[in-house]
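Here is a short report on a protein chain, written to be read beside the sequence and the model. It starts with charged pairs and moves on to the fold, the surface and some backbone details.

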Amino acid sequence: MDTPKIFESEYRFCLILWEKEPITAAELAKLCAEQLGWKRTTTYTVIKRLCERGVLKNEQGTVTSLISKADAQACEIDELMEKKFEGSLPAFLAAFTKRQKLSEGDLDEVQEMIDRIRRGQMP
């Protein structure tokens, strides 16, 4: 199954949900008002839209995610890689490291990931 697209404002909403789920729709509306400045009706519209797309489920007023944060992030990275870097990880890393300074700890962690992949283990 393909991960449904989650747009930017929906992603900010999902960040709140992922931190608090399961959560009632009413409590979610209150948090979205506080953190995103949304009206209650906006929150309910987003809940409905994301339920229709298979991102969330709303059972008797309790909202939970069907898509994990990690899956949503992976989908975004896949899209970014394909759109901006023609699927090339080296091109992405070259662009990223041109503007971002990597610490020794970051480099060690990336190297450990590469080593695990070479050994056939999941990163």
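## Salt bridges

The count comes to 8 salt bridges (a side-chain nitrogen of Lys or Arg within 4 Å of a carboxyl oxygen of Asp or Glu). One of them pairs R49 with E10, with the closest N and O atoms 3.2 Å apart. This pair links distant parts of the chain: R49 sits in helix 3 (residues 40-52) and E10 in helix 1 (residues 8-20), 39 residues apart. Helices here are DSSP runs of H or I with at least four residues, strands are runs of E with at least two, and both are numbered from the N terminus. R49 is partly exposed, at 36% relative accessible area. E10 is buried, at 1%. The cut-offs are under 20% relative accessible area for buried, over 50% for exposed, and in between for partly exposed (1.4 Å probe, protein chains only).

K20 and E19 also meet through their side chains in a salt bridge, 3.9 Å from N to O. K20 is partly exposed at 40%, and E19 is exposed at 63%. E52 forms a salt bridge with K48, where the closest N and O atoms are 3.5 Å apart. Both lie in helix 3, 4 residues apart, so about one helical turn separates them. E52 and K48 are both exposed.

## Basis of the model

This is a predicted model: local features need pLDDT of at least 70, side-chain atom pairs count only at pLDDT 80 or more, and totals for chains, interfaces and linings use all residues. Residues are numbered from 1 along each chain as its sequence is written, and side-chain values use heavy atoms, with hydrogens and water left out.

## Fold and dimensions

The chain has 6 helices and 3 strands. From the N terminus, the order is α-β-α-α-β-β-α-α-α. The radius of gyration is 18 Å, whereas a compact globule of 123 residues would have one near 14 Å. That radius is taken over C-alpha atoms, and the globule rule is 2.2 Å times the number of residues to the power 0.38. Along the principal axes, the C-alpha atoms fill a box of roughly 45 × 30 × 30 Å.

Buried residues make up 24% of the 123 residues. Take contacts (heavy atoms within 4.5 Å) between residues at least 6 apart in sequence: 50% of them join residues at least 24 apart.

## Surface and charge

The chain exposes about 8800 Å², by the Shrake-Rupley method with a 1.4 Å probe. Carbon and sulfur atoms supply 52% of that area.

There are 19 positive side chains (Lys and Arg) and 21 negative ones (Asp and Glu), with His and the chain ends not counted. The centres of the two sets lie 6 Å apart, with each charge placed at NZ of Lys, CZ of Arg, CG of Asp or CD of Glu.

## Local details

S65 lies in strand 3 (residues 62-65). S65 is buried, at 18% relative accessibility. Leaving out residues up to four places away in sequence, S65 touches L17, W18, E21, V55 and L56. The peptide bond from E21 to P22 is cis, with omega near -5°. P22 is in the loop between helix 1 and strand 1 (23-24).

Two residues other than glycine have positive phi: Q60, near 55°, and E86, about 50°. Q60 is in the loop between strand 2 (56-59) and strand 3, and is exposed at 85%. E86 is in the loop between helix 4 (69-85) and helix 5 (89-99), and is exposed at 73%.
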